[in-house]
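Subject: Structure handover and notes

Hi there,

As promised, here is the structure for you to open alongside this email. My notes follow below.

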Amino acid sequence: MMATRVEGLERLPGPGERTLRGGRRSIWPFLGPAFIACVAYMDPGNFATNIAGGSKFGFTLVWVIVASNLMAMLIQTLSAKLGIATGRNLPEVCREQYSRRTSRSLWIQAELIAMATDLAEFLGAAVGIKLLFGIPLFPAAVITGVITFLILALQRFGFRPLEAVITSFVAVIGICYLGELWFAHPPLGTVLKHAVVPEFDGSESVLLAVGIIGATVMPHVIYLHSALTQNRIVPRNDDEARLLYKYTRVDVLIAMAIAGLINMSMLVVAATVFFGSGLTNIESLEGAHRTLEPILGGASSVLFALALTASGLSSATVGTMSGQVVMQGFIQRRIPILVRRLVTMIPAFVVIGLGLDPSRTLVMSQVVLSFGIPFALIPLVVFTSKREIMGVLVNRRLTIAAAVVVTALITGLNIFLLVQTFGLA
């Protein structure tokens with residue numbers, strides 16, 4: 001099983017291999033890739049969607065976040081498994097399995113999706129810094145660019161330092177929302193009930209639920225997760241492949257559970273603070289920030305801005321890495337990752353320079369992102385279900401059935417969301 005090298009994504013050194021023997025203590029070297037991937041599930045776009053859901057419908061849609069997070073766990077596990085089994089990432093497998101014309105077409109759409117996603121994440125970080133320090137948006141964007149450059153530069157020291165920084169950002173987001181929950185004092189019994197009992201509150205809540213589920217899967221992070229596991233630790237035989245996959249599932253379970261709890265916290269805080277106060281028209285990140293302070297105090301608004309900043313910085317970094325994987329995998333081309341970061345910053349500065357609404361841009365980026373979901377999700381399910389590609393890690397029948405249902409559901413919901421967005425129905 002040969003492994004190819006992706007810039008910044010190296011195999012772990014010897015100590016990681018020596019732990020491929022099982023045991024509780026040996027799991028730690030295998031944790032990390034899913035924590036990078038989970039950042040995409042709590043990016044600035046999720047902030048906007050969850051705040052809208054909580055402020056408009058209270059706790060009604062908490063179950064939607066639970067359901068979408070379970071689907072995300074399955075999909076990210078399949079992506080990670082593809083990298084382990086093949087030693088290649090999803091774009092590379094697409095290039096091998098499809099014609100050159102098809103691969104290039106997939107590359108073009110994946111690049112457009114990655115750019116739209118990166119734009120939203122960069123803007124989210126800039127808005128967070130603006131709210132945190134009270135500075136204009138353009139200087140905040142410059143600061144965002146400098147910080148993301150510094151984070152990406154860590155890759156020259158190996159992948160562990162970058163994993164540590166991204167995981168730290170996840171921890172910051174989690175701690176901030178624990179603080180928000182402390183200030184808000186939500187009714188935990190009510191939250192638990194709505195987490196397991198599906199219900200809606202009118203047709204608008206159905207559409208918003210579709211938006212939450214439809215925006216669950218991020219195409220760029222499906223591509224990236226397979227790259228994060230493809231040569232990080234390379235199994236030498238089938239037994240080691242099974243063991244590595246076992247540890248990977250734990251990594252995904254922990255990281256995605258944290259992402260799900262953070263997303264749930266966003267909605268619960270919005271439901272408690274905004275919906276509970278009759279403020280059902282909170283439609284922007286800036287509006288949410290302004291409204292938190294008079295209700296819960298200055299500390300809560302600071303925590304919100306800090307969480308948004310951490311979310312934007314970490315997801316912008318991950319988005320840039322994903323774009324590099326897409327280009328190298330589909331067309332075997334590579335540019336320095338810092339140059340790519342510089343290029344992807346330009347659209348964000350254009351948006352800021354034109355005075356466009358950052359929150360509206362975030363929403364539109366989710367619509368653009370919806371176009372790319374089937375092109376990543378369908379090949380992933382097909383490839384991981386083929387024994388000649390996956391070997392001993394091929395999907396079981398139950399996994400195939402679940403993956404097909406999830407793929408059909410998410411693809412259908414995204415099509416519905418696109419139709420509704422463009423007023424075709």
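Helices here are DSSP runs (H or I, at least four residues) and strands are DSSP runs too (E, at least two), numbered from the N terminus. Please keep in mind that this is a predicted model, in which local features need pLDDT of at least 70 and side-chain atom pairs count only at pLDDT 80 or more, while totals for chains, interfaces and linings use all residues. Residues are numbered from 1 along each chain as its sequence is written, and side-chain values use heavy atoms, with hydrogens and water left out.

**Pocket and cavities**

Rolling a probe the size of a water molecule over the atoms shows where empty space is left. The search uses a 1 Å grid over the protein atoms alone: a cavity is a set of points where a 1.4 Å probe fits but cannot get out, a pocket is an open set with protein on both sides within 12 Å along at least five of seven lines, and lining residues have an atom within 4 Å of a point. Grid points are joined across faces, edges and corners, and a volume is the space filled by probe spheres set on the points.

The second largest pocket has a volume of about 450 Å³. It is lined by 18 residues, and those closest to its centre are Lys 81, Tyr 245, Arg 249, Arg 396 and Thr 399. Helices H4 (62-86), H12 (238-273) and H18 (397-421) each supply at least two residues of this lining. For residue classes, Ala, Val, Leu, Ile, Met, Phe, Trp, Tyr, Cys and Pro count as nonpolar, Asp, Glu, Lys and Arg as charged, and the others, Gly among them, as polar. On that basis the pocket lining has ten nonpolar, three polar and five charged residues.

**A helix pair**

How do H6 and H15 pack? Helix H6 (residues 100-133) and helix H15 (residues 337-353) meet at an angle of about 65°, with their axes 9 Å apart. Axes are lines fitted to C-alpha atoms, for helices over the stretch in contact, and angles run from 0 to 180 degrees between N-to-C directions. The H6 and H15 crossing is right-handed; a crossing gets that name if the near helix is turned clockwise from the far one by less than a right angle, and left-handed if anticlockwise. On the H6 side the contact (heavy atoms within 4.5 Å) involves Glu 111, Asp 118, Leu 119, Phe 122 and Leu 123, and the H15 residues include Arg 340, Arg 341, Met 345 and Phe 349. Nine of the residues in this H6 and H15 contact are nonpolar, one is polar and four are charged.

**Two loop residues with positive phi**

Most residues other than glycine have a negative phi. His 185 is not a glycine, yet has a positive phi of about 50°. His 185 sits in the loop between helix H8 (159-184) and helix H9 (188-196), and counts as exposed because its relative accessibility is 56%. The cut-offs are under 20% relative accessible area for buried, over 50% for exposed and in between for partly exposed (1.4 Å probe, protein chains only). Gln 332, also not a glycine, has a positive phi of about 55°. Gln 332 lies in the loop between H14 and H15 and is exposed, with a relative accessible area of 52%.

**A few single residues**

The contacts below leave aside neighbours within four places in sequence.

- Thr 291 is in helix H13 (residues 285-296) and is buried at 16% relative accessibility. Thr 291 is in contact with Phe 274, Leu 279 and Ile 282.
- Leu 303 belongs to helix H14 (residues 298-331). Leu 303 and Glu 180 are 123 residues apart in sequence but 7.1 Å apart in space, C-alpha to C-alpha. Leu 303 is in contact with Cys 176, Gly 179, Glu 180 and Phe 183.
- Leu 413 is in helix H18 and is buried, at 16% relative accessible area. Leu 413 is in contact with Val 210 and Ile 213.

Best wishes
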